[in-house]
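Open the model in your viewer and keep the selection tool at hand.

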Amino acid sequence: KKEMGVKPLQHKKIIKKRSAKVARFHSNRFLRVNPSWRRPRGIDSRIRRRFKGNTKCPKIGYGSDKQTRYLLPCGMKKFIISQMSDIEVLLMNNREYAGEVAHDISAQKRKEIVQR
């Protein structure tokens, strides 16, 4: 069976230390509080003071391995294509980067980029 596309470079196995997203404190209680994480800075905050039984604050140790960070499941890094000249750059590094057409590209330009 023939494989289509370019084979990515060898890399370490991608292991995510923590898959659960950390929600912002009180985001479940108030609609006005967005769930995207913000560090609590209140002087009496139980979360900031890391009391037992409270929501965990994300720490530096939750980060992924530096060698596998930003890798897609296929083993390549994402490269946003926003104009025709970006394809030339992508072709030079086509075993390391996978191209993705930018969201604000028109259908006509998109067609040209995909054909290229």
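Two residues are in contact when they have heavy atoms within 4.5 Å of each other. This is a predicted model, in which local features need pLDDT of at least 70 and side-chain atom pairs count only at pLDDT 80 or more, while totals for chains, interfaces and linings use all residues. Residues are numbered from 1 along each chain as its sequence is written, and side-chain values use heavy atoms, with hydrogens and water left out.

**Stop 1: Asp-86**

Select Asp-86, in helix H1 (residues 85–92). Helices (H or I, at least four residues) and strands (E, at least two) are DSSP runs, numbered from the N terminus. Not counting residues up to four places away in sequence, Asp-86 touches Phe-79, Ile-80 and Ile-81. Now show Ser-82: its backbone nitrogen is reached by the side chain of Asp-86 at 3.0 Å.

Is Asp-86 buried or exposed? Asp-86 is buried. Buried means under 20% relative accessible area, exposed over 50%, and partly exposed in between (1.4 Å probe, protein chains only). Asp-86 has no salt bridge, a term for a side-chain nitrogen of Lys or Arg within 4 Å of a carboxyl oxygen of Asp or Glu. The nearest side chain of opposite charge is Lys-109, 12 Å away. For charge, Lys and Arg count as positive and Asp and Glu as negative; His and the chain ends are not counted.

How many salt bridges does a search of the whole structure find? The search finds 3. The next stops visit them.

**Stop 2: Asp-65 and Lys-12**

Select Asp-65 and Lys-12, which form a salt bridge with their closest N and O atoms 2.6 Å apart. Both residues lie in the segment before strand E1 (77–81), so the pair ties together parts that are 53 residues apart in sequence. Asp-65 is partly exposed, at a relative accessible area of 29%; Lys-12 is partly exposed too, at 44%.

**Stop 3: Lys-78 and Glu-100**

Next, select Lys-78 and Glu-100, whose side chains meet in a salt bridge (3.4 Å, N to O). Lys-78 is in strand E1 and Glu-100 in strand E2 (residues 97–101), so this pair links distant parts of the chain, 22 residues apart. Relative accessibility is 45% for Lys-78, which counts as partly exposed, and 34% for Glu-100, also partly exposed.

**Stop 4: Arg-116 and Glu-88**

Finally, select Arg-116 and Glu-88, joined by a salt bridge (3.0 Å, N to O). Arg-116 is in the segment after helix H2 (107–115) and Glu-88 is in helix H1, 28 residues apart. Arg-116 is partly exposed at 47% relative accessible area, and Glu-88 is partly exposed at 37%.

Conventions: A polar contact is a pair of N or O atoms within 3.5 Å; within protein, one must be able to donate a hydrogen and the other to accept it, and residues adjacent in sequence count only if both atoms are side-chain atoms.
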